[in-house]
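Please read the points below with the structure open beside you, and follow each residue as it is named.

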Amino acid sequence: MRRKLLLAFVGLILMAACGNETEEGMNDTTNNSIQPINYETPQEQKERINNQEKTIGELGGYPQSEQEYVNEGDKNLAAENEDRFTSERTLQISEYLSERKEIVQAQVAETDDRIIVAIMTGNKYYPNLADNIEEEVKQIVSDKEIVVYSESTWWDRRRNLNSNPNPTQLEEEVENNINDFYGNE
């Protein structure tokens, strides 16, 4: 009895596995990777290629990809939509800072009590750049507080420097904690 059930079960599995003709037919009709060969003369090919529209890259690309006049709005001080935090002094500071080789882009804003400088340095890290810029801007504007913001590279570097404890200070803290625990003075 077990043999008959086992043979029937195996036969049923074989029929189910081999009887999948619709799926094989679908594979033949959905295979679009085969394309017919198109024979054409070199003249016909040249005419066909020249009839295609030019791509954006062939036309010269998008105009904003050139990155000219990035802060052009800052220079138009007589415009009606003038930024109230931009003045001739901030434009002068921005141009001065943009001449430095370390700085890719500099933006400067002025409020009543401070000058805010934002710099972008690219992928390189300059450890004392913010302090140097603050001193240079203080030479130009001495009556206001100078705040310098740089990109995340500087912040990551500062966070990493502050995350590693000073070995001598750590040793003293551990020794003090042990003495406090055991009551030794």
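1. E173 belongs to helix α9, residues 167-182, where helices (H or I, at least four residues) and strands (E, at least two) are DSSP runs numbered from the N terminus. Please keep in mind that this is a predicted model, in which local features need pLDDT of at least 70, side-chain atom pairs count only at pLDDT 80 or more, and totals for chains, interfaces and linings use all residues. Residues are numbered from 1 along each chain as its sequence is written, and side-chain values use heavy atoms, with hydrogens and water left out.

2. E173 has a relative accessible area of 43% and is therefore partly exposed, given that buried means under 20%, exposed over 50% and partly exposed in between (1.4 Å probe, protein chains only). Helix α9 as a whole is hardly covered, since the count of buried residues among its 16 residues is zero, and the residue that follows the helix, G183, has a positive phi near 80°.

3. A search of the whole structure finds five salt bridges, each being a side-chain nitrogen of Lys or Arg within 4 Å of a carboxyl oxygen of Asp or Glu. R100 meets E102 in one of them (3.1 Å, N to O), and R100 also meets E136 (2.7 Å, N to O). R100 lies in the loop between α6 and β1 and E136 in helix α7, so this pair ties together parts that are 36 residues apart in sequence.

4. K144 and E110 form a further salt bridge (2.7 Å, N to O), and salt bridges that share partners join R89, E110 and K144 into one network. Both K144 and E110 are buried.
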